[in-house]
Amino acid sequence: MVPIALGALLALLPLAWAPQRQGSWRGGQTPEPALRRLSHSLLVHYQKDTRPVRDWRTTTNVAIDLMVYAILSVDEKNQVLTTYIWYRQHWTDEFLRWDPARFDNLTQISLPVESIWVPDILINEFVDVGKSPHVPYVYVSHHGEVQNLKPIQVMTACSLDIYNFPFDVQNCSLTFTSWLHHIRDINLSLWRQPELVKFDRSVFMNQGEWELLYVLSSFQEFSVKSSDSYAEMKFYVVIRRRPLFYTVSLLLPSIFLMVMDIVGFYLPPNSGERVSFKITLLLGYSVFLIIVSDTLPATAVGTPLIGIYFVVCMALLVISLTETILIVRLVHRQDLQPHVPEWVKRLLLERATVLLCIRDRDTFSQSRTQSSDISRQTENDSTAKLNQYSCEDPRECEMAGGAGPAAASGAEGSPLLPGVLREITAIRQFLEKREEFRDVAREWLQVGYVLDVLLFRAYLVAVLAYTITLGTLWSVWRDA
C-alpha cells in the first residue's frame, strides 16, 4: 500500500503546483532594459525650455570645435564661400546626471536632440541654408556632459580678394556666437588647443582646386550699443588656389603669342609680310581673350592682375603693329618723300648706330657721299657715251677737231642735231632724277632700319621688364 500511496502523491504534485506557477508567470514582470529606464528617468521631468542650470547665476560654458572637410565652391562674383565642415560642441547639462550603478553601469547614452536644451549657437556669416544632413541624436555622459556632433554645409559671405589670381590666398572667417544669450549666460571656449586646430587636415579632401593652409581660432567679446557683451569664437579658414591649371591654360598661350610677336621683328621692314603677320597675331590674341573671358573671376570691386596683364599685352601688340605700319610706310612710296633732314641723319645714322651697336654703321655714314659720287659717275658715263656716239673712230675725232669750223658750219646746217641733243639731255636728266630718287629711298630705308632696331629693342625691354615684374610678384605671392 505504501508504494501505491507514494505514486499517487507524486502524480498529484504537478497538478497542485500548476496554478501557483501560472499565477507567478502572469503576475511577474520581465526586467526593463537599462537604456529605456535611464532615458525615461532623465526625460520624464526634463524641461528643455530653460537653460539647464540649478542656479541661474551659473554660466553655461559651450566648447566648440570644427574640422574642414572640403571646399565646395568659391563664388568670386557673389563673394560667397561654400565649405563642408565637421562641427562639434560640448556643454554641461546639470539635469542629465545619473548614477551608473543604478543603470547597469551605463555611463553614456544617446538622446533625441529635440528632447533636450541646445544652445543657440549660429554662424554670423550665414547667407543661405546648405544641404546639411540632419543628425537627430546627441551623446550624454553620466556627469551631464552633452556632445553634439554634426556635419554642416556652410554658405558664408567672405571678402574675396582676386587681385592675385591665380596665385591668390583667401582668408574667410566663421564666427560662432549665441544669437540671444549674453556672455554671463552662455560663454564660448575652444574644445581643443589652437595648435591642434590650426594644422588639422586629417579629414580634408585635398584633391580639389583649393588647398587648405591652416585654420586660425580666436575668442573675443563684443557688445552692441553699449549693451551686454556677447561671446564669439572666430575661425579663420585660410585657403590657397592651385595655379597649375590657370598657368597652362591662360599664361602660357599669352606668353607664346608675345614671343611670336617679338620674333616677327626679324622680318624685313620693307616687306609687307610683317604687317599681315602682326595683324594675324592681334586677331589670334583677341580670339584668345574671348575664350578665356569666362575663366577669369568677375567682381564689381576690382580686376585681377592677370586681366591687366592681358590688356597690357593687347596694347603691346597694337603698339607693335602701329610701329610696323609706320616703318613700312617710311620705306615705301619713296618718290613722294623729300630728302632726309640733316638732323635725322646725325641723330639716327650716326649717333643711334653707335648707341645700338649696329655693325654696318659705316655704310650709313657714307650715305651722304654716295649720291654725289653716283651723280658724278652718271655724268661722266653720259658724256663718254655721248662722245662715243658722236665719233666712234678716234681718227674721225682728230679730223673733226682739225676741221672745227667746217664741222661747226655743217652742224649748224643740219636740222636733226638740235633734236638729238634735246633728247640726250632729257635722258640724262631722267637718269639723274631716278638716281636721286634711289638715293633718297636708300637713305629713308636706312633710317627705317635704324628706327626699327631702336623701337624693337625698346619694345623688347618693355616686354621683359613687364614680364619680370609680374613673374616676381606672382612668385612672391605663391610662396607667401
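Predicted model: local features only at pLDDT ≥ 70, side-chain atom pairs only at ≥ 80, totals over all residues.

Trainee: With which side chain does the side chain of Ser173 make a polar contact?

Mentor: Glu125, Lys234, Phe235 and Tyr236 are the contacts to consider. The polar contact of the Ser173 side chain is at 3.1 Å, and its partner is the side chain of Glu125.

Trainee: Does Ser173 count as buried or exposed?

Mentor: Buried means under 20% relative accessible area. Ser173 has 18% relative accessibility, so Ser173 counts as buried.

Trainee: Let's turn to the rings. How many aromatic pairs does a search of the whole structure find, and how are the rings of Trp91 and Trp117 arranged?

Mentor: The search of the whole structure finds 15 aromatic pairs. For Trp91 and Trp117, the ring centres are 6.3 Å apart and the planes stand at 85°. Planes over 60 degrees apart count as edge-to-face, so the Trp91 and Trp117 pair is edge-to-face.

Trainee: Where do Trp91 and Trp117 lie, and how many residues apart are they?

Mentor: Trp91 is in strand E2 (residues 80-92), while Trp117 is in the loop between strand E3 (108-112) and strand E4 (121-123). The pair links distant parts of the chain, and the separation is 26 residues.

Trainee: Are these two tryptophans, Trp91 and Trp117, buried or exposed?

Mentor: Trp91 has 0% relative accessibility and therefore counts as buried. Trp117 has a relative accessible area of 7%, so Trp117 is also buried.

Trainee: What kind of aromatic pair do Phe265 and Phe456 form?

Mentor: The distance is 5.0 Å centre to centre, with 45° between the planes. Planes under 30 degrees apart count as stacked and over 60 as edge-to-face, with the rest in between. The Phe265 and Phe456 pair is tilted.

Trainee: How many residues apart in sequence are the parts that Phe265 and Phe456 tie together?

Mentor: Phe265 lies in the loop between H4 and helix H5 (273-292), and Phe456 lies in helix H12 (residues 417-479). Phe265 counts as buried at 6% relative accessibility, and Phe456 counts as buried at 11%. The pair ties together parts whose separation in sequence is 191 residues.

Trainee: Which residues do ring pairs link into a cluster?

Mentor: Here we look at rings joined through pairs. The cluster is made of Tyr285, Phe288, Tyr309, Phe310 and Tyr466.

Trainee: What separates the C-alpha atoms of Pro304 and Asp168?

Mentor: Pro304 has its place in the loop between H5 and helix H6 (305-331). Leaving aside neighbours within four places in sequence, Pro304 is in contact with Ile162, Tyr163, Phe165 and Pro297. Pro304 and Asp168 are 136 residues apart along the chain, and their C-alpha atoms are separated by 9.7 Å.

Trainee: Finally, of the 480 residues of the chain, what percentage count as buried?

Mentor: The chain has 12 helices and 11 strands. Its accessible surface comes to about 29100 Å², with 61% belonging to carbon and sulfur atoms. Of the 480 residues, the share that count as buried is 36%.

Terms used
Residues numbered from 1 in each chain as written. Heavy atoms only, no water. Buried < 20%, exposed > 50% of the residue type's maximum accessible area, 1.4 Å probe, protein only. Polar contact = N/O pair within 3.5 Å; in protein donor to acceptor, adjacent residues only side chain to side chain. Contact = heavy atoms within 4.5 Å. Helix = DSSP H or I, 4+ residues; strand = E, 2+ residues; numbered from the N terminus. Areas by Shrake-Rupley, 256 points an atom, 1.4 Å probe, with all protein chains shown as cover. Phe/Tyr/Trp six-rings, centres within 6.5 Å; stacked < 30°, edge-to-face > 60°.
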